Amino acid sequence: MEHSWLRISGVLCVFGFLRELRPSEPYHSEILLGEWYNVTQDQVNRSVYPIGTYSYLALLIVVFLVTDYLRYKPMIIANALTGIIVWTVLLTTSTLFGLQISEVFYGFYQATEVAYYSYIYAKVDKKYYPRVTSHTRAAMFVGKLVAGLIAQLLIGFDWMNYQQLMYISVGSQVFALLWTVLLPKVEQSLYFHQQVAVSGPVDKEDAPEQPQGVSNEQFNEISVAKKDHAQPLQLLWAHFHIAYTNGMVLQWSLWYAVSLAGNLQVATYIQVLWKSFENEPKIVWNGGVDAALTALAALFSLMAGYLHAGRLKTRASLLSVAVLAILEGGCILLASWTSNIYLSYLGYVLFGGVFGFIITVASAELAKSMVEDSFALIFGINTLIALLLQTILTLIVVSESANLQLNTFEQFTVYAFYFIVIGTIYFIVVVVQYLITCSKNT
């Protein structure tokens, strides 16, 4: 068993590393706005990038259910195959329509990432969840870090132009596709192909642990549904109902969704912002910035895990993420209100580090309050909510039909106050709740 989970973890880590080894990503806007495509900056901002957001949103839930039905591995293969298609289309088209088609595939590429993360919940014993999750997350961080460093070196020393970076991105997806052959098949899944329960005593170590905030009645509902080999929709509903009637899950789901939505929006359009600076440097440092952000986010994630491991109570965690959300807004203001692009780089790197801390705390708090088998479903739904929020932001602020018609700098001001207002409101709510609790106890 020990050898089995380590092997699976190793194979998944290599796939995750190869998947993230895309040195063209830090320079995506530089590529689209270069000599290879007949599009303007406004078209990229309002007619290309929003397509990826809408596609990701439309496909996520369908992909999640299909992933479970097909038992994960086929969708991991589809993920790598779609990556090849995305960068092949980008290399062979020069039109606005071609770029929009690539964004549709990119939305599917992002949506099928759920197969990578949910595979472990069906293939690995639950006691290894934390370790395999940390391994796979670290592998993707390393892949993105290496990609940023490679990109910066190749561009900085003028060994490749921006478009040629996409050949490496295609190649890494090809290797990722070939690597999927080593992934073991999944015989059962969480919902559509459940393992039939066997009679006999259950080892205490293997018995499911009742999360905090989940009543005995709710916990028994899940146990009975699994024991009776429930229909997929019945078990899905049981997991959904138990999770979202839990106050702790609701609070941390909100933070997870709000933070992820803002991060996705900022990350999608930050390169367009940098292209709007008048003093754009001769050597574009996007690769180095991406590498620095990844390293800082990984460090802050480790710090969050250390501080959170029994050292911070839930209310202290809520207050800390509320304050950090306001700080995120300040980082975005630094990135968008300055006239110095290097200060903008700094603001974005700090923003990414703070996001890494917040999302780690939110994920850990959620995991404490959920039934183990529902992890993939609840994180999938929270991601869907994040995408809904991102889509609303896109429709109001960015899209061609948006009434505001803001320029790129003004758009980022909206994103900054999105974090500042939400963080401030949540901070006030938590403080008021604390004062009410204190007054009742005295």
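Here is a short tour of the structure above, from the whole chain down to single residues. The model is predicted, and its protein chain contains 16 helices and zero strands. Of the 442 residues in the protein chain, 52% are buried.

**Confidence**

- The protein chain has a mean pLDDT of 85, with 88% of its residues at 70 or more.
- Among the elements of the chain, helix α8 (residues 165-179) has the highest mean pLDDT, at 97. At the other end, helix α9 (residues 216-227) has the lowest, at 54.
- Keep an eye on residues 197-207, where the pLDDT is below 50. Beyond near neighbours in sequence, this stretch has seven contacts in the model.

**Inside the chain**

- The largest nonpolar core has 125 residues, and Tyr37 and Trp252 touch the most other members.
- Which helix gives the most to this core? Helix α11 (residues 247-275) does, with 16 residues.
- If you count contacts between residues at least 6 apart in sequence, 85% of them join residues at least 24 apart.

**On the surface**

- The accessible surface of the protein chain is about 19,800 Å², and carbon and sulfur atoms account for 66% of that.
- Seven names to find on the model are Ile61, Val62, Leu65, Val66, Tyr69, Leu70 and Phe192, which form a nonpolar patch on the surface. Together they have about 550 Å² of accessible area.
- One of the patch members, leucine 70, sits in the loop between α3 (41-69) and α4.

**A closer look at isoleucine 77**

- Which residues does isoleucine 77 contact, leaving aside its neighbours within four places in sequence? They are Leu177 and Thr180.
- Of these two contact partners, Leu177 falls within the residue range of helix α8 (residues 165-179).
- Isoleucine 77 and alanine 115 are 38 residues apart in sequence, and their C-alpha atoms are 9.4 Å apart in space.

Definitions and conventions
Residues numbered from 1 in each chain as written. Predicted model: local features only at pLDDT ≥ 70, side-chain atom pairs only at ≥ 80, totals over all residues. Heavy atoms only, no water. Contact = heavy atoms within 4.5 Å. Core = buried A, V, L, I, M, F, W, Y, C linked by side-chain atoms within 4.5 Å. Buried < 20%, exposed > 50% of the residue type's maximum accessible area, 1.4 Å probe, protein only. Helix = DSSP H or I, 4+ residues; strand = E, 2+ residues; numbered from the N terminus. Areas by Shrake-Rupley, 256 points an atom, 1.4 Å probe, with all protein chains shown as cover. Patch = residues over 30% accessible without salt bridge, like charges linked within 9 Å, V, L, I, M, F, W, Y side chains within 5 Å. Salt bridge = Lys/Arg side-chain N within 4 Å of Asp/Glu carboxyl O. pLDDT = per-residue confidence, 0-100.
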